[in-house]
Amino acid sequence: MATLTPAAELAARSTPYPNDSAAYRAARTALLAEEIELRRHIERVAAQRRALPLGGEAPDYSFIDENGETVKLAELFGRHDTLVTYFWMYGPQRERPCPMCTAFLGAIDIPSRDLSQRVAVAVLGRSPVSRQLAFARERGWRNLAFYQCVGDDYPRDYRGLAPDGSEWPALDVWVKRDGKVHHFWASELGGTEDPGQDPRGAPDPTPLWNILDLTPAGRGADWYPKLSY
C-alpha cells in the first residue's frame, strides 16, 4: 500500500476564504486534518466490513408484497446477490409510524433508484402493505418497495421486536451465495452510546443528522424530527 501523505500536510494546502481571521484559519486547518483522518478511518472500517465472513444462514422467512402475494426472503433479492432491508417501526398497534424511521426512509426513497442498480432494497414492517403504502404516498415516496412480515419471527430474530412488544428499527444487509441467504451485516451499536448521546450509527446513515452535525448548534439536546410541523 502506498504511503499516505500526512493529514496535517494535506490540510495545510487549503486556502483561506475571504476575510478569514488567522485564528479561524488555524482552527479550521486543524479541524481539516481531523476530518481527513476521520475519512481514512471510515475507509478502513468499510474495508474491514467488506471483509467479513458470511454470517448465519437465514431462516426461510415469508413476507407479503403489495400485490398480496407471499414471497420468501430469497425472492426479495430480485436479480441481485445483495439485499439491504430496513425494518421500520410501524406495527399495527401504532397510529402513525416512527418519525425517526420516517426521516430515514424519506432520505433514501429517491436514492433507492440508484441503489437498486447495485443492490436490492426492501422496507419491512408489521403493518399490512396497504397501510404502509398509504403512508408512503402521503409522504410522496414513490420508489421504495414495502413488505409485511408474516408473523413476528423475523423481527424478533433480527432485533426489530423486543420481548415486551416494543419495536426497534433494524438495518440489515444480506447476501445470497449458492442459493442460500446469509446475514452479512447489521448495526449493533444500540446500547453502546456514550453518556449524553442518543443511539446512532457510525457513520450515521440518516442525512438529517449528518447535515446538522455540520452546524454550530449540532443536533441539539432534545430535538427530534416530527411527522408534521
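**Entry 1: strands**

In which sense do strands β3 and β4 pair, and over how many bridges? I looked up β3 (residues 82-87) and found that it pairs with β4 in the parallel sense over 5 bridges. I took helices (H or I, at least four residues) and strands (E, at least two) as DSSP runs, numbered from the N terminus. Two strands pair if DSSP finds at least two bridges between them.

I noted what I was looking at: this is a predicted model, where local features need pLDDT of at least 70, side-chain atom pairs count only at pLDDT 80 or more, and totals for chains, interfaces and linings use all residues. Residues are numbered from 1 along each chain as its sequence is written, and side-chain values use heavy atoms, with hydrogens and water left out.

Back to the pairing. I found Leu124 of β4 as the bridge partner of Phe87. Next I checked strand β5 (residues 146-149), which pairs with β4 in the parallel sense over 3 bridges. There, Val123 stands opposite Phe146 of β5.

I then followed the chain from β4 to β5. Together with helix α5 (residues 129-139), these two strands make a right-handed β-α-β unit. Right-handed means that, with the strands pointing away from the viewer, the path from the first strand over the helix to the second runs clockwise.

**Entry 2: is β4 covered or open?**

Strand β4 (residues 120-125) is mostly covered, with 6 of its 6 residues buried. I checked both faces. Ala120, Ala122 and Leu124 point one way, Val121, Val123 and Gly125 point the other way, and all are buried.

**Entry 3: cysteines**

How many disulfides are there? I counted 0, taking a disulfide as a pair of cysteine sulfur atoms within 2.5 Å. Cys98 counts as buried at 10% relative accessibility, and Cys101 is buried at 1%.

**Entry 4: charged side chains**

Side chains of opposite charge can pair when their charged atoms come close. My rule for a salt bridge was a side-chain nitrogen of Lys or Arg within 4 Å of a carboxyl oxygen of Asp or Glu. The count came to 11 salt bridges.

I looked at Arg25 and Asp20. Their closest N and O atoms are 2.7 Å apart in a salt bridge. Arg25 is buried at 13%, whereas Asp20 is partly exposed at 25%.

Next came Lys72 and Asp60, which meet in a salt bridge at 3.8 Å, N to O. Lys72 lies in strand β2 (residues 70-72) and Asp60 in the loop between α2 and β1 (62-64), so the pair ties together parts that are 12 residues apart in sequence. Lys72 is partly exposed at 30%, and Asp60 is exposed at 57%.

Then I checked Arg219 and Asp213, whose salt bridge is 2.9 Å, N to O. I also found one network, in which salt bridges with shared partners join Arg94, Arg126, Asp152 and Glu167.

**Entry 5: Arg40**

I found Arg40 in helix α2 (residues 22-50). Arg40 is buried yet has no salt bridge. The nearest side chain of opposite charge is Glu37, 4.7 Å away. For charge, Lys and Arg count as positive and Asp and Glu as negative, while His and the chain ends are not counted. Leaving out residues up to four places away in sequence, Arg40 touches Leu4, Thr5, Pro6, Ala7 and Leu10. Contact here means heavy atoms within 4.5 Å.

How values were computed. Buried < 20%, exposed > 50% of the residue type's maximum accessible area, 1.4 Å probe, protein only.
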